[in-house]
Amino acid sequence: MSESESEMVGGRRRRCCHRTSLIWHLKHNACSIAVLIGFTWTSWHFIHQQLLKRCIGALQDGHFVPNLTLGAPVIESLRKHTKAYLDCHLMVTNPLDYVEPLGKAGASGFTFHVEASRDNWQELVQRIKSKGMKPGVSLKPGTPIEEVYPLLDGENSVELVLVMTVEPGFGGQKFMPEMMDKVRTLRKKYPSLDIEVDGGLGPSTIEAASSAGANCVVAGSSVFGAPDPAQVISLMRNSVEEAQKRS
């Protein structure tokens with residue numbers, strides 16, 4: 001790993017999120033598996049091999065979270081080479097500042113954090129939709145799930161909720177199983193909602209997420225640290241499919 005791909009945190013070198021997320025859309029209703037990977041020529045080759053239909057970019061401003069990552073120019077570059085759904089997870093303090101540039105860059109989805117948008121989420125959602133993007137909201141582990149209800153119950157609502165299962169900002173963290181209570185609560189209250197989970201997902205934790213009701217799953221280290229990434233992807237995909245059949 002290069003110096004640009006790591007950062008000292010608390011005396012330890014931690015992997016940074018200088019990367020994108022890749023999502024495999026399944027034929028089942030709103031079911032997808034996402035793989036968080038380094039944005040390199042190898043990963044781009046992997047995208048084409050897997051015939052991906054959806055990609056997610058993690059945008060971090062170095063303020064809302066300590067890390068600093070890709071922005072609209074990367075999304076614009078990706079759009080020139082793919083018709084895939086380009087989703088953006090905004091881990092930033094002022095998401096309104098990014099609506100215009102990401103819309104122009106060709107982003108398809110725009111997921112912001114409720115913690116950064118408590119006072120202006122209605123305007124934010126309206127602007128996101130006006131640029132032709134799908135709005136989503138994310139929440140940190142310490143944020144009560146009730147904070148996203150107004151964004152789902154109103155007339156101008158979001159279309160996806162991303163439940164962070166680690167603290168946002170760095171990869172390779174341990175999955176927080178207690179966050180599945182949020183997923184179960186959301187699934188019971190909103191049966192048709194797209195519910196995504198991000199952080200610490202892999203073969204040992206996917207069952208907890210899928211059985212709780214998550215239908216969009218993001219994984220990174222567990223896939224590309226495996227001897228056979230495709231096998232891990234298949235395992236997670238099957239877990240989500242089977243959970244949907246049981247529901």
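**Close-up views of a predicted model**

Figure 1. Because its relative accessibility is 1%, L162 counts as buried. Leaving aside neighbours within four places in sequence, L162 is in contact with H89, T111, V137, S138, L139, E196, V197 and D198. One of these residues, V137, lies 25 residues away in sequence, with a C-alpha to C-alpha distance of 6.1 Å from L162.

Figure 2. T111 belongs to strand 7. With a relative accessibility of 4%, T111 counts as buried. Its contacts, apart from neighbours within four places in sequence, are with D87, C88, H89, L90, G136, V137, S138, L160 and L162. T111 and V137 are separated by 26 residues in sequence, but their C-alpha atoms are 5.0 Å apart in space.

**Figure 3. Strand 8 and its pairing with strand 7.** Strand 8 comprises residues 134-139, and six of its six residues are buried. K134, G136 and S138 point one way from the strand, whereas P135, V137 and L139 point the other way. Strand 7 and strand 8 pair in the parallel sense, over five bridges. Within this pairing, F112 stands opposite V137 of strand 8.

**Figure 4. Strand 11 and its pairing with strand 10.** Strand 11 consists of residues 216-219 and is covered on both faces. On one side lie C216 and V218, on the other V217 and A219, and all four are buried. Strand 10, residues 194-198, pairs with strand 11 in the parallel sense over three bridges. The bridge partner of D198 in strand 11 is V218.

**Figure 5. The largest nonpolar core and V148.** In soluble globular proteins, nonpolar side chains tend to be buried together. The largest nonpolar core of this model has 52 residues. The residues with the most contacts inside this core are L102, F110, F112, V148, L186 and V197. Not counting residues up to four places away in sequence, V148 touches V114, V137, L139 and L186. For the protein as a whole, 55% of the 247 residues count as buried. Among contacts with a separation of 6 or more, 65% are between residues 24 or more positions apart.

**Figure 6. E115, a buried acidic residue without a salt bridge.** E115 is found in the loop between strand 7 (109-113) and helix 4 (121-130). Although buried, E115 has no salt bridge. The side chain of E115 does make a polar contact of 2.9 Å with the side chain of H113.

**Figure 7. The salt bridge between R118 and E147.** The side chains of R118 and E147 meet in a salt bridge, with an N to O distance of 2.8 Å. This pair links distant parts of the chain, 29 residues apart: R118 is in the loop between strand 7 and helix 4, and E147 is in the loop between strand 8 and helix 5 (149-153). R118, at 45% relative accessibility, counts as partly exposed. E147 is also partly exposed, with a relative accessible area of 27%.

Figure 8. Side chains of opposite charge can pair when their charged atoms come close. K131 and E100 form a salt bridge through their side chains (2.9 Å, N to O). K131 lies in the loop between helix 4 and strand 8 and E100 in helix 3 (residues 96-105), so the pair ties together parts that are 31 residues apart in sequence. Relative accessibility is 36% for K131, which is partly exposed. E100 counts as partly exposed at 35%. A network of salt bridges links E100, K104 and K131.

**Figure 9. The salt bridge between E123 and R127 within helix 4.** E123 and R127 form a salt bridge in which the closest N and O atoms are 2.6 Å apart. Both residues lie in helix 4, four residues apart, which is about one turn of the helix. E123 is partly exposed, its relative accessible area being 35%. R127 likewise counts as partly exposed, at 39% relative accessibility. Over the whole structure, a search finds eight salt bridges.

Technical notes. Residues are numbered from 1 along each chain as its sequence is written. This is a predicted model: local features need pLDDT of at least 70, side-chain atom pairs count only at pLDDT 80 or more; totals for chains, interfaces and linings use all residues. Side-chain values use heavy atoms; hydrogens and water are left out. A nonpolar core is a set of buried Ala, Val, Leu, Ile, Met, Phe, Trp, Tyr and Cys residues joined through side-chain atoms within 4.5 Å. Buried means under 20% relative accessible area, exposed over 50%, partly exposed in between (1.4 Å probe, protein chains only). Contact means heavy atoms within 4.5 Å. Helices (H or I, at least four residues) and strands (E, at least two) are DSSP runs, numbered from the N terminus. Lys and Arg count as positive and Asp and Glu as negative; His and the chain ends are not counted. A salt bridge is a side-chain nitrogen of Lys or Arg within 4 Å of a carboxyl oxygen of Asp or Glu. A polar contact is a pair of N or O atoms within 3.5 Å; within protein, one must be able to donate a hydrogen and the other to accept it, and residues adjacent in sequence count only if both atoms are side-chain atoms. Two strands pair if DSSP finds at least two bridges between them.
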